[in-house]
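Me: I would like to read this structure feature by feature. Please give me the general idea each time, then the case at hand.

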Amino acid sequence: MTEITEVSRRDATSVDGVGDVHDVRRASRPDDVTIDAAGRAALDRPVVPLRHPLRWIAAALVLVVLLNFVETLFTNEQWGWPAVGKWLFSPAILTGLQLTLVATALSAVISFTGGIVIAIARLSRNPVLSGLAWGYVWLFRSVPLILVLVFLYNLGSLYPTIGVGIPFGPQLEVPTANVLGDLAIGVIGLSLSEIAYASEIVRAGVLAVDHGQHEAAQALGLPRRRQFVRVILPQALRSIVPAFVNQVVGLLKASSLLFYVSLLDLFGVVQNLSSTYPTDIIPLLVVATIWYLALTSAVSVVQYYVERWTARGSVRSLPPTPLQRVRAAVRRGASGGAGGASVGASVGPRGASGGESGGARGASVGASRRSRGASQGGPGGAGRLDQAAAAARSVASGTSTSNDRGIS
Amino acid sequence: MSAAIGIHGAAKAFGTNVVIDGVDLSIPAGSVTAILGPSGSGKSTLLRAINHLEPLDRGVVTVGGETIGVRVRTGRDGVPRYKELPERLILRQRSRIGFVFQHFNLFPHLTALENVAEGPIASGVDRATARSRARVLLDRVGLGDRADTRPRQLSGGQQQRVAIARALALEPSVVLLDEPTSALDPELVGEVLGVIRSLADSGTTLVIVTHEVAFAREVADHVVFLDHGRVVEQGPPAQLIDDPQHPRTQDFLSRVR
């Protein structure tokens, strides 16, 4: 409570301060020689921003080239759009798609957890552990993924049986082929190499966390594991997530290499079908492209929301999601007028505090602040007030201009 | 008064750079000790050595009669040595010593309340109790209405008050404060000093590394002046700050004032 009154008091003084400076400038230098009569007459009109005609020309040129290409999509029959439609949801393609999804999802989960484990080992003060982790990363980053996959595929001829037991003592052994199905080989191969990359991503994320956080966790006497899980990892995730999602997108496409270990993923199915239907090669490639685009887009949407979640605490207030923006626009259209301002305010993640009237109040405060060019606001309120200001300007521009006048 | 903190023959070097060069101090329970000194005099390192954030090369620190971070062991050669404790035990000892950092070091992804409750929850206090106690502590530092706010949405002064509440949450017998106001805007220093003052009045043993000479004189029972890792002069503030005997102390105080 006291803080709020403090803030508003400070703002009140700054308003006075700005006003004073303004008044003094006008009053004390009415005949400034550096501004002539025309300049003085222009003082009350808004400054005209610089125009950029070349930008428009460049954009037009690019558009012409692009439209030419788009035209060929319709005119060139080799694209074979009817065939694309036929294949897009065909059972064979969908089976391949399913395999791609399963292999990618399993490998992503395994490589993330495995990456954390290897990263912890790498960061450990135990030289054996960190040395082993380093060696693992060195090995699997050096060897091409396809080599790892083919190696695993032929593991049966290297070790016909695999088992565990006491060295030189009794052993439990089973034939390799019985344990490792094709999918298992594929997922293990993808994971082995992805873990190496993921561990470096996790390590970089952990190193990026401020040293003071480690110290604070130690000073509180948090047990080692809790230090990592509760304090370090959540903050590291902020830099881990974008890099790891990037890695997952790479993994999604790398899964097409599973074709070489006789697994029919999306790409494998397309390959097979195009040797059976050679006339449909282009449409089949288009089908694969469409599906990979769709999968990557889905991953990007997930990334957007995960990043928002990991950003909590790192930014003062989050901008609204596209969905929230659309919903706000729809509601603004429906209620119109002053209601619009309150929507603008309640869109913000912390905007729930203000009701209809609170929102409207926020909007008018925000608008008057914006017009003074002092929009930093009190702690925490900045984003909300700015949104409110924007809403107020677009909806109730009349009031905001009157505010402008009122202050200057 | 019994000694809450004892520092015995402390020495520490980073490579060839000697930071603490044979410090002996006895800090009575319930007292407020201010450590003054030019930058690089080893005052922060000494403070961090008290809760073993910075292990000493030589010497030992006791808190409440217990050696911190180490215990004495007689080797096979019959020679007693201080040996570092297992980390688990050191962490348990640290949970009884509050520490306030210059840069607050609050956990940014947790709310003020979660920051304060984290230590007790980790040490086995059940969640509901820890949270209600945390609420009381936030009230005590004047931030009861900011319990669900994350650190980035608080001012520097508010963050440092949350950090003090966090340090108090484990009901420590001593609280160490490492330049608690150095990272704050001048206008925000007052609110933090106010909280520290009320803490001093409540009888908690405080050790404060500070640049605020005026505050040290007002709040501290005992002032220690450190230079080049050694205690140059110590005594009650009226004596050390108003009438310093050693030329180094005189020189330092004349420059900071």
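Reply: Start with helix angles. Angles under 35 degrees count as roughly parallel, over 145 as roughly antiparallel, 65 to 115 as roughly perpendicular and the rest as oblique. Axes are lines fitted to C-alpha atoms, for helices over the stretch in contact, and angles run from 0 to 180 degrees between N-to-C directions. Helices (H or I, at least four residues) and strands (E, at least two) are DSSP runs, numbered from the N terminus. Now the case: the axes of α4 (residues 81-88) and α14 (residues 281-310) of chain A come within 8 Å and cross at roughly 55 degrees. α4(A) and α14(A) are therefore oblique to each other.

Me: What kind of model is this, and how are residues, chains and ligands labelled?

Reply: It is a predicted model: local features need pLDDT of at least 70, side-chain atom pairs count only at pLDDT 80 or more, and totals for chains, interfaces and linings use all residues. Residues are numbered from 1 along each chain as its sequence is written, while chains are lettered from A and ligands numbered from 1 in the order in which they are written.

Me: What is the handedness of the crossing of α4(A) and α14(A)? Which residues make the contact?

Reply: A crossing is left-handed if the near helix is turned anticlockwise from the far one by less than a right angle, and right-handed if clockwise. α4(A) passes α14(A) in the right-handed way. Contact means that C-beta atoms, placed from the backbone, lie within 7 Å. α4(A) brings A:A83, A:V84, A:W87 and A:L88; α14(A) brings A:P283, A:L284, A:V286, A:V287 and A:I290. For classes, Ala, Val, Leu, Ile, Met, Phe, Trp, Tyr, Cys and Pro count as nonpolar, Asp, Glu, Lys and Arg as charged, and the others, Gly among them, as polar. This contact has nine nonpolar residues, no polar and no charged ones.

Me: How do α5 and α6 of chain B pack?

Reply: Helix α5(B) (residues 156-168) and helix α6(B) (residues 186-201) pack at about 15 degrees, with axes 8 Å apart. They are therefore roughly parallel. Their crossing is right-handed. B:G156, B:G157, B:Q160, B:R161 and B:I164 of α5(B) meet B:L188, B:E191, B:V192 and B:V195 of α6(B). The classes are four nonpolar, three polar and two charged.

Me: In what order do the four strands of the chain B sheet lie?

Reply: Two strands pair if DSSP finds at least two bridges between them. Here the sheet is open, ordered β2-β1-β4-β5, with antiparallel pairing. β2 (17-28) and β5 (66-67) each have a single partner strand, so one side of each lacks a neighbour in the sheet. Nine bridges join β1(B) to β2(B); B:I5 stands opposite B:I27. These strands form a hairpin with two residues between them, and B:G15 in the turn has a positive phi of about 65 degrees. β1 (residues 3-14) also pairs with β4 (residues 58-63) over five bridges. There, B:H8 has B:V60 as its bridge partner.

Me: Which helices of chain A touch chain B?

Reply: In total, 22 residues of chain A contact 25 residues of chain B. α11 (211-219) and α12 (224-254) of chain A each supply at least two residues to that side. The largest share, six residues, comes from α11(A).

Conventions:
Two residues are in contact if their C-beta atoms, placed from the backbone, lie within 7 Å.
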